[in-house]
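Colleague: I am new to this structure. Please take me through the labels and what backs each of them.

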Amino acid sequence: MSTPSAPTAWLTQEAFNRLTAELEELSGPGRVEVVKKIEQARSEGDLKENGGYHAAKEEQGKIEARIRQLTELLRDAHVGETPADDGVVEQGMLVVAKIAGEKTTFLLGSREVAGDTDLDVFSEKSPLGEAIHGHKVGEKLSYTAPNGKDIKVEIISAKPYAG
């Protein structure tokens, strides 16, 4: 069960599998490799002047942060089928919308689903995501942005994201 502080992320099975494999790599071989780098750098002497040691410790911190992030994401994730192609905006949809007069294409859901693409991603918990979730193609609506401005949105299309 998710809590308000940890919203459930919708993931495709492919994204879930990819992230699980990344977590296993980082938790096992990735950790072992960075510990070896730290030990090697430590053996070189004075740690204050040892750039290799500091770089390895920084890498270790990044790996541990990613492990925590993936563990949380995968624990709370909802793994599911691609949403229905019914024109209703929901998690996992590639949305084309006119936002404040400008046509924009984005994924509604998790950055992790989009993988290494340069696709813009908006969480369903973002102001835009909350505003359009559950609406249909052709609908026009508006929402209040964090800066207080009223933003007009027209949903042009909503199709399941194929990845």
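Modeller: What follows is a set of questions about a predicted model, each answered by setting a value against a cut-off.

Colleague: Start with A100. Why is A100 called exposed?

Modeller: Its relative accessibility is 57%. Exposed means over 50%, so A100 counts as exposed. A100 is found in the loop between β3 (93-99) and β4 (102-108).

Colleague: What stands out in the phi of A100?

Modeller: Phi of A100 is near 50 degrees, a positive value in a residue other than glycine. Most residues other than glycine have a negative phi.

Colleague: Now β4. Why is T104 called buried?

Modeller: T104 is found in strand β4. Its relative accessibility is 18%. The limit for buried is under 20%, so T104 counts as buried.

Colleague: What is T104 in contact with, neighbours within four places in sequence left aside?

Modeller: T104 is in contact with V95, V96, A97 and I99. A polar atom of the T104 side chain also lies 3.4 Å from the backbone oxygen of E102. A polar contact needs N or O atoms within 3.5 Å.

Colleague: What makes β3 and β7 a pair?

Modeller: Two strands pair if there are at least two bridges between them. β3 and β7 (residues 150-160) have seven, in the antiparallel sense. One example is A97, whose bridge partner in β7 is I155.

Colleague: How many bridges join β6 and β7?

Modeller: Five, again in the antiparallel sense. Strand β6 covers residues 140-144. T144 has D150 of β7 as its bridge partner. The hairpin of β6 and β7 has five residues between the strands. There, G148 takes a positive phi near 95 degrees.

Colleague: On to the helices. How do you know that the length of α2 agrees with a helix of 26 residues?

Modeller: The expected span is 1.5 Å times one less than the number of residues. For the 26 residues of α2 (residues 51-76) that gives 38 Å, and the end C-alpha atoms are 38 Å apart, so the two agree.

Colleague: What happens at the start of α2?

Modeller: A side-chain oxygen of N50 reaches to within 3.2 Å of the backbone nitrogen of G52.

Colleague: Which elements do the buried residues of α2 pack against?

Modeller: They pack against β1 (10-11), α1 (13-42), β2 (78-79) and α3 (111-114). The buried residues of α2 include Y53, A56, I63, R66 and L70.

Colleague: What makes E33 and K37 a salt bridge?

Modeller: The cut-off is a side-chain nitrogen of Lys or Arg within 4 Å of a carboxyl oxygen of Asp or Glu. The side chains of E33 and K37 meet at 3.7 Å, N to O. The pair lies within the cut-off, so the name applies. E33 and K37 are four residues apart in helix α1, so about one helical turn separates them.

Colleague: What other salt bridge does K37 form?

Modeller: One with E59, the closest N and O atoms being 3.1 Å apart. This pair links distant parts of the chain: E59 is in helix α2 and K37 in helix α1, 22 residues apart. E59 is partly exposed, with a relative accessible area of 29%.

Note on methods: Residues are numbered from 1 along each chain as its sequence is written. This is a predicted model: local features need pLDDT of at least 70, side-chain atom pairs count only at pLDDT 80 or more; totals for chains, interfaces and linings use all residues. Side-chain values use heavy atoms; hydrogens and water are left out. Helices (H or I, at least four residues) and strands (E, at least two) are DSSP runs, numbered from the N terminus. Buried means under 20% relative accessible area, exposed over 50%, partly exposed in between (1.4 Å probe, protein chains only). Contact means heavy atoms within 4.5 Å. A polar contact is a pair of N or O atoms within 3.5 Å; within protein, one must be able to donate a hydrogen and the other to accept it, and residues adjacent in sequence count only if both atoms are side-chain atoms.
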